[in-house]
Each structure stands twice: as C-alpha cells, then as structure tokens.
Amino acid sequence: MVATGSLSSKNLGSISEFLDHGFYPGSLLNDFDYWDYVVPEPNLSEVVFEETTCQSLVKMLENCLSKSKQTKLGCLKVLVPEKLTQRIAQDVLLLSSTEPCGLRGCVMHVNMEVENVCIKLDRIVCDSSVVPTFELTLVFKQNCSWTSLRDFFFSRSRFSSSLRQTLILSSGFRLVKKKLYFLIGTTVIEEC
C-alpha cells in the first residue's frame, strides 16, 4: 500500500473504509514511532540476573585459585591478569546459554597448565540438584616471564622454602565444552 500526503474529496469512500477497520488518521505511526512499539524494551531483571550470575562465577573461580595455590600449585601468591576471571565467566555464560538447563546443567573442571603439565585444581558443580547436561574444562595458563624464571632458579637455592613465591597467570586460557546428552557414541566438543 502506498500512502500519499493529500486527500481528495473523490476518496471519501476509501477514508470511511479505513475508519471502519480501525485506521484513524491520528493513530498512523511514522517510521520512528513504529520501532518504539515493535522492538521490546530490554528486560532489566534478566540483565541484572546475568550480571549477578557472572559475578558469582568470578568469585567461584577466584576461590578455586585461592584454595589451590598452596596445596596444588605450590606457591604463596597467584597473580591473575585484570578482568581474566570476568572474561572466563562471560564465556561460560555464553556457552551455557544454548543448553537445555543453562548454567544449572554445568560441571566445570578447572585445571592449570604449568610448565607443560596440566594440574587438576577443582571440580565445580553449578547446581547439584540438576543432572549435568554438559561439561566445561577450563585450563588456566602460566605466564612464562622473568618473574617465573627467577622464582624457578631461586626455588632451587638453599635460601628458599619449598614453595614458590608467586605464580603469574597468562591472559590466555582454554575453555572446552563437551555435551553429555547426545546419542550413544557421539560427543560434540566446542572450544573457546
């Protein structure tokens, strides 16, 4: 249908037809008003929920690193790059968004790659009341910098304790998703 800006007296029949069908001249929308009604407003409760969920994932990852530093990693401090755990949490939420149970169906295996050896740090079950539908394997990587080499050499001297002083994490990580609900013999793995 093409609309024009002028009405002639010859088209009074078509105007009454519009009015009969509920089209009133005052209710016709221009292009900008149309999108105000068609595009839904963002659901702020979902945005707040996602941010809260992301922050709790960040806390779980930080707690995992904190608990593991002396027992499994053999160091006194773990230095984490700024926003690393935040990026990981966002990727975890992204990978869980396509799952039937979402994040609740996730089991996350947290590992650390130190000097080409993978050390298991923790297993995080997001919701123990839900049967897991997918597994995520997170691998933190060690930053090979001068500080790490210095700690390596000083750890062998007679003046140091058996614990390294500081483990510095790289800003890179590996996140692998394995779906658990496919038919027998088939697995799908997504890597981030």
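This is a predicted model: local features need pLDDT of at least 70, side-chain atom pairs count only at pLDDT 80 or more; totals for chains, interfaces and linings use all residues.

**Helix H4 and the rest of the fold**

Let's start with helix H4, residues 84–96: at 1.5 Å a residue its 13 residues should span 18 Å, and the end C-alpha atoms are 18 Å apart, so the two agree. The expected span there is 1.5 Å times one less than the number of residues. Helices (H or I, at least four residues) and strands (E, at least two) are DSSP runs, numbered from the N terminus.

Residues are numbered from 1 along each chain as its sequence is written, and side-chain values use heavy atoms, with hydrogens and water left out.

Back to H4. Its buried residues are Leu84, Thr85, Gln86, Ile88, Ala89, Val92, Leu93, Leu95 and Ser96. Buried means under 20% relative accessible area, exposed is over 50%, and partly exposed is in between, with a 1.4 Å probe and protein chains only.

Zooming out, the protein chain has five helices and six strands, and along the sequence they come as α-α-α-β-α-β-β-β-α-β-β. Of the 192 residues, 28% are buried. The accessible surface is about 13,400 Å², with 58% of that belonging to carbon and sulfur atoms; that's Shrake-Rupley with a 1.4 Å probe, and for residues only the protein chains shown count as cover. As for contacts (heavy atoms within 4.5 Å), take those with a separation of 6 or more: 71% of them are between residues 24 or more positions apart.

**Strand S2 and its partners**

Now to strand S2, residues 106–114. Seven of its nine residues are buried, so to speak a mostly covered strand. Which strands does S2 pair with, and in which direction? With S3 there are eight bridges, running antiparallel, and with S4 there are eight bridges, running parallel. Pairing here needs at least two DSSP bridges between the strands.

S2 and S3 make a hairpin with two residues between them, and in that turn Glu115 has a positive phi of about 50°. Met112 has a partner on each of those strands: Ile119 in S3 and Phe140 in S4. Val110, meanwhile, has Asp122 as its bridge partner in S3.

Leaving out residues up to four places away in sequence, Cys106 touches Ile124, Val125, Cys126, Phe134 and Leu136.

In soluble globular proteins, nonpolar side chains tend to be buried together.

Take Met108: beyond its neighbours within four places in sequence, its contacts are Leu57, Leu61, Val92, Asp122, Arg123, Ile124, Leu136 and Leu138.

**Salt bridges**

Last bit. The whole structure has four salt bridges, meaning a side-chain nitrogen of Lys or Arg within 4 Å of a carboxyl oxygen of Asp or Glu.

One of them joins Asp122 and Lys67, at 3.6 Å, N to O. Asp122 is in strand S3 and Lys67 in helix H3, so the pair ties together parts 55 residues apart in sequence. Asp122 is partly exposed at 27% relative accessibility, and Lys67 is exposed at 57%.

Another is Glu99 with Lys177, at 2.7 Å, N to O. Glu99 lies in the loop between H4 and S2 and Lys177 in strand S5, so this pair ties together parts 78 residues apart. Are these two buried or exposed? Glu99 is buried at 6% relative accessible area, and Lys177 is buried at 0%.

Then there's Arg104 with Asp127, at 2.9 Å, N to O. Arg104 sits in the loop between H4 and S2, and Asp127 in the loop between S3 and S4, 23 residues apart. Arg104 is partly exposed, at 47%.
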